[in-house]
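Me: Before I use any of the terms for this model, I would like each one set against its cut-off. Could we go through them in turn?

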Amino acid sequence: MVKIRIYELAKELNIPSKELVDKAKSLGMDVKSHMSVVTETESNKIKQNFVKKANDSKSVSNKKAVNKTPNDELNKNHQAQNKNKGSQDSKAKIKISVKSIRKPNTSPQNNKKNRDNNLKKNFKNNHTSDNKNNSFNKTHKTFDAKAQADSIKRRQNKELYEKTFENSSNPQKELDKKRAVKQKNIHEAAKKIVDNTNNKTKIKLSNTDRSNDRENVNSSKYRQPVNNSHKEFTKPDLKKENQAGEFWKKSSNKKKNTQSEPTFNKRAGHKNHKQKIKTKTKVAVTVRKERPLPDILQYTEGMNAQDLGKILHREPTEIVKKLFMLGVMTNQNQSLDDDTIEILATDYGVDAQKIVPEDIGDLDKYFELSDDDKKNLKKRPPVVTIMGHVDHGKTTLLDRLRHTHVTEGEAGGITQHIGAYQVDINGRLITFLDTPGHEAFTEMRARGADVTDLIVLVVAADDGVMPQTIEAINHAKAAKVPVIVAVNKIDKPGANPNHVMEQLSEYELIPEDWGGNTIFVNISAKTGQNVDEVLEMINLQADILELQADPNRKAVGTVIEAKLDKGRGPVATLLVQQGTLHVGDPLVVGNTFGRVRSMTNDRGRRVKSATPSTPVEITGLNTVPDSADKFVVFDDEKTSRQVGEERAKRAELNDRQKAHHVTIDNLFDSMSEGELKEVAVIIKADVQGTVEALRQSLEKIEVKGVRVNVIHSAVGAINESDVSLAAAGNAIIIGFNVRPTSQAQQEADSESVDIRLHNVIYNAIEEIESAMKGMLEPVYQEKVTGNLTVREIFKVSKLGTIAGSFVDQGFIQKDSGVRLIRNGVVIYEGKLSSLKHYKDDVKEVKAGNECGLMIENYNDIKVEDQIEAFIMEEVSAE
Ligand SMILES: Nc1nc2c(ncn2[C@@H]2O[C@H](COP(=O)(O)OP(=O)(O)OP(=O)(O)O)[C@@H](O)[C@H]2O)c(=O)[nH]1
């Protein structure tokens, strides 16, 4: 037996299952639900029952169709309506859900209202048709049931809708809350940015700001201008969202230069975040608050607008603008002269003060005594150098002094050669430089170290004045150092001290006994006779010289000698000239620096300090200095390092430049620069007669303001001593019938000493004279070269007046000066602008020729005018 389920049958009959269940129950069938089964018979019974109903209604509708009544129309409409309604309902199901998602503003109440209206309408229509037509009533019942089902569905949907929105109302509220918080954060962040900008202090964002910003950026989606507050709960409409993102991106970009507007999407937000930082940086620069001007504009030479801007607390552009307004066209990097800076300062209403940077590399300034130093001056031992001719007994005398007064009384004391030593005579110290002879002395002088206070000139009584004696005298004179003459070897049988006195008188060393002021002591270095008297005389002379120094200040002095010791490193003998040198003192020595690590005196004893005129050997320098280098003690090692390095740098530069000495070629340059008021000359000749003749001739040369000073003249070859003297005294060596020794030539080359060799006296004299005169400022003299007569005038509108002239006398040149003379009166003086012979440009037109000439910037030339042509000629100084 075929059985059929209620819902299948309902489907077949196109009626709701429930209606069918009810019907089946009314027909007495055992049916409980739509899942209940009915037999085929029962099924047919139900079908028949429904078909009958349907036929009934069909017959009614057919009848109505024949007599088309308004009710039919209405029914038709009703059916159509219902049909539509059905489809609308099904759509409504979707619509509700969609609407609930997309258009939450369409409130449930509104929906309910609409649906109720529809229902009412349906009821109204149905009610009307019920009154009119019973069959319709039956149909209505069907529709009524359907409407009920729809109603239930709608209710369910409504509940679902409400439930959904009820549930969603909480997150919505939370979102609203969050949104409010984010909004607040944005405002705070914005406020911070503004504050930061105003304060100028903070360009970069703090972490907090950044995190806030990030949040703000994220929160931007909560700030969408969407009226539909439920949008977040729908399936995102990506297209729209992207559009919105683009919108916000754009709008954010637009607002980039104002304040940051959180962007829609995160990436854009991140990008914008960076832009925000940039924007803030930019803003911070532009709204920089001006700092007050300083009271004084302290500037150094060559400052530019940028440097001045920093000092004045102004933008360099402002400085440039201001200078422009003051009539100075410049840029930010261009150096400004002192006057411009002063004017600028005045314009700003501040005082200008130029600061001359201190030359840290200059050691000489530390040798100058301040007023304080002068208050502390105390007597100091004299520094003595022994000079004299070979074998006259210099070394013997030094040894005698050393052993008599140095090692004496110091059992086991080892005399150490450190280049200088001190002797004690009656409680007074005398410092002797240990290298005898004038070479070392001159070498020191040549290097700018005048450490010697006194010279002891040793002359052997049996030998008399010899060439090196004279050299020594000249060196002493050049150094302006007083001389004490020690006439030595008086113990020798052939000794003749008086003869020595006589000889020396010729060199302006006249004994006191003879009315002069030179101290003479007759001694025997070998026996020690009168050696102490020499020492006493030295002290006497020192008293006359009033040798003083300030022992309280920081030490300065000179290197006597220096070497590299294998075990101790650089070792230098220093002569303290001012102040007191202590172990541990940071110092600069020449072009090196260091700290006094150890200090030893001339007797090999360790000492902790050294007072003025004391020679000490020190260790602790970085490199070996040169003899005659100066040393200066500084406050700290940092400064000494700085100065030492600066000096080393300069020395390197100087090495590259050749030492400048006076030569015949640069003689006049030196004279006109004011370096020279006298030309120092050394004369060496083959015979004494020539030496004298040259000396006298040279000394007679008369050139305004300058004279020749023969600092040394002697017979013999030009030797190293001559060269070193010339180097020290900036002298020119003139050799007559003599040649320099190879060593002297080498030294002259290295020291750039000019040696001039002659064999005709006149030539030697003329060379010096012309060198002195020839480089004088050139004097120009006018020389008239020709006379012309103007014979014709050609006036050319674009050029001016061309004077057709005849050269009566001499010549006229293109670069000649011309005078236009009319009736014996000079009308105009100027230059030619063109000179032609016929149509050709020429350089010169001679007498007897015609020419066409034009005078520069002058056209008032008339026929019969005379033209005088002249040139300026250089004439040599008288
Ligand atoms: N009789 C005598 N001989 C002396 C005296 N002084 C030096 N002599 C001797 O003269 C010689 C030369 O003496 P030095 O002291 O070497 O002379 P110097 O001037 O130092 O010589 P150089 O170093 O060559 O320049 C030596 O043999 C000495 O012994 C003296 O007073 N009397």
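Reply: Contact means heavy atoms within 4.5 Å, and helices (H or I, at least four residues) are DSSP runs numbered from the N terminus. This is a predicted model, in which local features need pLDDT of at least 70 and side-chain atom pairs count only at pLDDT 80 or more, while totals for chains, interfaces and linings use all residues. Residues are numbered from 1 along each chain as its sequence is written, and side-chain values use heavy atoms, with hydrogens and water left out.

Me: Which residues of α22 and α23 meet by that contact rule?

Reply: On the α22 side they are E720, V723, S724 and A727, and they meet Q743, A744, E747, A748 and E751 in α23. By class, this contact has four nonpolar, two polar and three charged residues, where Ala, Val, Leu, Ile, Met, Phe, Trp, Tyr, Cys and Pro count as nonpolar, Asp, Glu, Lys and Arg as charged, and the others, Gly among them, as polar.

Me: What makes α22 roughly parallel to α23?

Reply: The axes of α22 (residues 720-729) and α23 (residues 742-751) come within 8 Å and cross at roughly 20°. Angles under 35 degrees count as roughly parallel, over 145 as roughly antiparallel, 65 to 115 as roughly perpendicular and the rest as oblique, so α22 is roughly parallel to α23.

Me: Why are α11 and α12 called roughly perpendicular to each other?

Reply: Helix α11 (residues 316-325) and helix α12 (residues 338-348) pack at an angle of about 100°, with their axes 11 Å apart, and α11 and α12 are therefore roughly perpendicular. In this pair, E318, I319, K322 and L323 of α11 meet T340, L344, D347 and Y348 of α12.

Me: What makes α10 roughly perpendicular to α11?

Reply: The axes of α10 (residues 305-312) and α11 come within 8 Å and cross at roughly 110°, which makes α10 roughly perpendicular to α11. By class, the contact of α10 with α11 has six nonpolar, two polar and no charged residues.

Note on methods:
Axes are lines fitted to C-alpha atoms, for helices over the stretch in contact, and angles run from 0 to 180 degrees between N-to-C directions. Helices (H or I, at least four residues) and strands (E, at least two) are DSSP runs, numbered from the N terminus.
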